[in-house]
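Reader: I'm new to reading protein models. Could you walk me through one, a feature at a time?

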Amino acid sequence: MPRPTGRVLTLLELLQSGGTRTVAELADRLGVDGRTVRRYVDHLIDLDVPVESVRGRYGGYRLAPGYRLPPLMLSDDEALAVLLGLVAGRRAGLMTAERTASETVSAKIRRVLPKHVARRLDTLLESLAFTDQPGEFATPDAGVLLTIADAVRHRRPVSIRYTDRDGRRSERTLHTYGIVAHSGRWYVTGTDPEIGEDRTFRLDRIADARTLPGSFEAPVGPDPAQRVLSGFATAEYRHEVTLRIYGTVEQIRAHLPASVASLEEHAPTAGKDRATERWLRVELRAERLDWLPPALASLDRPFVIERPDELRDLVIALADRLASYARQA
């Protein structure tokens, strides 16, 4: 027969699964009477676990938010899911500046894992391979991230102290639409009310954020992720490139994604879908051009370079090199 302490922990696990549990349901699951269930609830309350009573026909007990995190009961599969999520998050760069937090929580969970579950996890991690190498990611401050998330949810203006890529510091006001994770970095997108334009900022470059009085209405149109990708494609760089490429949207996007280039039909034809080959105008901005000739070659589609002439020279030079390599015995 389970000891009372074991039943109290089982009660906590049942309550943590969510919703309101009736006394009759809890008594049946624990194998005790209703009076004993109430006594176990009192034990949890004595341990500062925030259990609240719900009155009414469908009343019972449920967990309420508390001033601290209560003991968390995880099943074997839930523990594995948490640990794998931490591994994937670290590799993707989707962690806050408190990097040790993910390491300490992993250690805490692994310390209490049953041996057979720990062996399963070790076997999985030893067998798991990633197609990319883990990088060093610039991660945002947890306080900044949570402050901006709250501003996004409640449509509140936020004041930020920002350092751009050239090291220039400024204080800005932003009407935030959303937070976007892209390629191992966190971004916030919104409108700068002083200039009336959409702006995107890297969260790891924000030193401080605080919400301001007032509210705003988010505009209709693209969602935050699309706004971030469009911002990348139209950012100010050294070279402005315009091409015409004959192919489908999917063929072009496979080598020039939305974060790199914008697409529009050249002399659009009504009724044409994305899978139909046709001339598409491609516009992008780049700090360097040397990566574009190989990308155009990998497309293996007819293309016309409208600008700049420098790109045309680089493509011709690449073609000459490839031809000379092919002639070698």
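Author: In the protein chain, residues 24 or more positions apart account for 62% of the contacts with a separation of 6 or more. Keep in mind that this is a predicted model, where local features need pLDDT of at least 70, side-chain atom pairs count only at pLDDT 80 or more, and totals for chains, interfaces and linings use all residues. Residues are numbered from 1 along each chain as its sequence is written, and side-chain values use heavy atoms, with hydrogens and water left out.

Reader: How many helices and strands does the protein chain have?

Author: Helices (H or I, at least four residues) and strands (E, at least two) are DSSP runs, numbered from the N terminus. Here there are eleven helices and eleven strands.

Reader: What share of the residues is buried?

Author: Buried means under 20% relative accessible area, exposed over 50%, and partly exposed in between (1.4 Å probe, protein chains only). Of the 329 residues in the protein chain, buried ones make up 33%.

Reader: Which residues of helix α10 are buried?

Author: In α10, residues 292-299, they are L292, P293, A295, L296 and L299. Look down the axis of α10: its buried residues fall within an arc of 160 degrees, so they line one face of the helix. That arc is taken from the directions from the helix axis to the C-beta atoms. Their cover includes β8 (239-247), α9 (249-253), β10 (278-286), β11 (303-307) and α11 (309-327).

Reader: What should I look for in the backbone angles?

Author: Most residues other than glycine have a negative phi, and most peptide bonds are trans. Now try D300, in the loop between α10 and β11: its phi is near 55 degrees, a positive value in a residue other than glycine. D300 is exposed, at 64% relative accessible area. R155 has a positive phi too, near 50 degrees, and lies in the loop between α7 (142-154) and β3 (157-163). With 28% relative accessibility, R155 is partly exposed.

Reader: Where is the peptide bond that is cis?

Author: Go from R307 to P308: that bond is cis, with omega near 0 degrees. P308 belongs to the loop between β11 and α11.

Reader: How do strands β1 and β2 run, parallel or antiparallel?

Author: Two strands pair if DSSP finds at least two bridges between them. Strands β1 (residues 51-54) and β2 (residues 60-63) run antiparallel, joined by four bridges. S53 stands opposite Y61 in β2. The two strands form a hairpin with five residues between them, and G56 in the turn has a positive phi of about 110 degrees.

Reader: Which residues lie nearest the centre of the second largest pocket?

Author: Rolling a probe the size of a water molecule over the atoms shows where empty space is left. In the second largest pocket, twelve residues form the lining, and L72, L74, K108, I109 and V112 lie nearest the centre. A pocket is an open set of points on a 1 Å grid over the protein atoms alone where a 1.4 Å probe fits, with protein on both sides within 12 Å along at least five of seven lines; lining residues have an atom within 4 Å of a point. The largest share of that lining, four residues, comes from α5.

Methods:
Contact means heavy atoms within 4.5 Å.
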